[in-house]
Amino acid sequence: MKEALVFDKENNDTGWADAIKKEMDSIVGFNVLKFLPTGARAPPTSRRIPVWLMFEMKMDGRKKARLIAGGHVTPTPVDETHASVVKGESVKIVFLLAVINGLDLLMGDVKNAFPNAKTAEKVHIVCGPEFSEHEGQVAVTLWALCGLKSSAANFHHSLADTLQEIGF
């Protein structure tokens, strides 16, 4: 985070700072974490995990910051942790079949997908400077975060349930 902010200063812009703010606003806005009062301790059944920001420059020049949880330090949940992914070749075949058959295609992008799913891991973090006024506080994870072992599978189940509820 410090290096990203140095880049902003050197380039006389706020691109990385804006990306950090956008990510943290979504984490806080989705109530992904429950911030405990200053000085409070995490529940004894919860495991402390590290978190860090990952930075990415998109093809169109946009800057993206993502909060990543250190799920590598947690035991593997007894529930499913895998979510299938569509291969690029399969998508191309579907596009080809749609064109051949004169079908319309609709697509979407789920932004902030993981905060729409509960997490199976009982974990907490100690907030760093990216959390602004919450720095130093303990926060318990309520919703899935990128990096936790069960996040992808839990989002997959949540999305499937929602799609079934609306008739798919």
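Is E56 buried or exposed, or something in between? With a relative accessibility of 32%, E56 counts as partly exposed. Keep in mind as we go that this is a predicted model.

E56 has a charged partner. K58 pairs with E56 in a salt bridge, and the closest N and O atoms sit 3.8 Å apart. That pair qualifies because the cut-off for a salt bridge is 4 Å. K58 itself is partly exposed too, at a relative accessible area of 26%.

Let's look at the other charged pairs. Side chains of opposite charge can pair when their charged atoms come close. Searching the whole structure turns up 4 salt bridges, and the E56 and K58 pair is one of them. Move along to D60 and R62, whose side chains also meet in a salt bridge, this time at 2.7 Å from N to O. D60 counts as exposed, at 54% relative accessibility, while R62 comes in at 48% and counts as partly exposed.

D25 is another partly exposed residue, with 43% relative accessibility.

Look for V86, V91, V94, F95 and L105: together they make a nonpolar surface patch of about 430 Å². Within that group, V91 sits in helix α3, residues 88–100. V91 has a relative accessible area of 32% and is partly exposed; it can belong to the patch because patch residues need over 30%.

Finally, the cysteines. How many disulfides does a search of the whole structure find? The count is 0. C127 is in no disulfide, and the nearest cysteine sulfur, which belongs to C146, is 18 Å away. Seen from the other end, C146 is in no disulfide either, with the sulfur of C127 as its nearest cysteine sulfur at 18 Å.

Notes:
Residues numbered from 1 in each chain as written. Predicted model: local features only at pLDDT ≥ 70, side-chain atom pairs only at ≥ 80, totals over all residues. Heavy atoms only, no water. Patch = residues over 30% accessible without salt bridge, like charges linked within 9 Å, V, L, I, M, F, W, Y side chains within 5 Å. Areas by Shrake-Rupley, 256 points an atom, 1.4 Å probe, with all protein chains shown as cover. Helix = DSSP H or I, 4+ residues; strand = E, 2+ residues; numbered from the N terminus. Buried < 20%, exposed > 50% of the residue type's maximum accessible area, 1.4 Å probe, protein only. Disulfide = S-S within 2.5 Å.
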